[in-house]
Amino acid sequence: MGRATKNDLIIKYQNEFESRFKDKTYCTAIAPGRINIIGEHTDYNLGLAMPIAIDRWICSIVSIRKDNKIRIYSTNFDEQIFLSIDQLDEQTENWKKYVFGCIQVFINKYNINIGFNILIGGNIPIGFGMSSSASLEVSLLSSLHSACKIHIDYHAVLELSNKVEKEFLGIQSGVLDQYASIFSKKNKPILIDFSSLTHTYVNSNIRGASWLIVNSMVQRVLAESKYNERVNECQLALKVINASNEKNIKIYELKKYHLKQLKDYPILYKRIHHIISENNRVMLMKQALENRDLDLIGVILNESHVSLSKDYQVSCVEIDAIIQISRKQKGFYGGRIMGGGFGGCCICLVKNSQKSIFIENLVSEFNQRFSYDLKVENVNFTHGLTLVN
Ligand code: GLA
């Protein structure tokens, strides 16, 4: 049997909602995960990135209760929680922090004092860089808006999601994942400019090659990783540059010549070197995709990996091994670590005729070194957020 479609998931969770909550008046929102073709760690540096939604989703179903209590059921964790609004800031496991955080920021924004029944389920692997948490935020915040009959302003959803990440999870993240989950169009990667929060779509119609997502199975926990350290390093680098410059330069205005002002700060130099070169790679990738230049796409991906591994230092031994083994295989155009880093997935572009043998060789050589099997995820590109009823 193939993987569940978006409609399969909606029907399954709506049936489950009706039987669990004995309630037929509800709102449903289903938000996809994403991959990121290029532009890593550029979002919180107000740069450029090019993600697209994939056919894995988180679905949230919400109805209004007669009292002001909140009942939440997670199908993935098979756990039900019953609580009142003043318990939303309790310390708890990560998935609940996301859910409680969304409800809290939503009721605070609109001054709401009613209760909800909520069901959440989905098929995005958790903690492997395909953005399950952002999809949860987007779907839950959207279904809460619908249930309360509040017009959904997608920029407000981005803002509220970011508040959840910062205030409830302690992650200083950008909005790459949520942006892709909301605004994606089928088969059209989005080129996002985070300095203006605007986007355009890229015509990508490559032939004869496929994108593969290789899951290293190394689970990353952003809050405990060095993600915030990278955010702080970039802000510090900007301060150093501005201290030696009369102008008040913005991070997205940095050019290669500014790097000389960081020559006494080797770590900060590397971080900003990555950011400047990665933003350039996003624009190069747009051209390469539009020209269907598979070799150039591969070169850009490989350069991005080196930059993320050596300059930005967000890779890990398992991911570096995946790229190293891949580079020896026929039909491999290029690949790189994807997402926040410190584990998670790689994105690789591989010639269709070599795909099966590529996967076989990669999994087997990796297993010889690390004694476990990688998972190669087959993903299709899809639309962003869908609201039902
Ligand atoms: C994570 C964060 C995003 C982004 C990426 C790196 O996925 O949630 O905001 O910073 O890492 O590009």
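Predicted model: local features only at pLDDT ≥ 70, side-chain atom pairs only at ≥ 80, totals over all residues.
A polar backbone atom of G340 lies 3.2 Å from an oxygen atom of the ligand. I then looked up H41. There, too, a polar backbone atom is involved, and an oxygen atom of the ligand is 2.7 Å from it. For Y227 I turned to the side chain. One of its N or O atoms is 2.5 Å from an oxygen atom of the ligand. Next I checked cover. On its own the ligand has 310 Å² of accessible area, and the protein covers 98% of that.

**Surroundings.** Where does the ligand sit? I found it in the largest pocket. I listed the residues around it: R34, E40, H41, D43, Y44, S173, G174, L176, D177, Y227, G339 and G340.

**Salt bridges.** How many salt bridges does the structure hold? I noted 18. I picked one of them to follow: E79 pairs with K96, and their closest N and O atoms are 2.7 Å apart. What does this pair tie together? E79 belongs to strand β4, residues 79-84, while K96 belongs to helix α2, residues 94-110, so the bridge joins parts 17 residues apart in sequence.

How values were computed
Residues numbered from 1 in each chain as written. Heavy atoms only, no water. Near = heavy atom within 4 Å. Polar contact = N/O pair within 3.5 Å; in protein donor to acceptor, adjacent residues only side chain to side chain. Areas by Shrake-Rupley, 256 points an atom, 1.4 Å probe, with all protein chains shown as cover. 1 Å grid on protein atoms, 1.4 Å probe; cavity = no way out; pocket = protein on both sides within 12 Å on 5 of 7 lines; lining within 4 Å. Sits in = over half its atoms within 2 Å of the grid points. Salt bridge = Lys/Arg side-chain N within 4 Å of Asp/Glu carboxyl O. Helix = DSSP H or I, 4+ residues; strand = E, 2+ residues; numbered from the N terminus.
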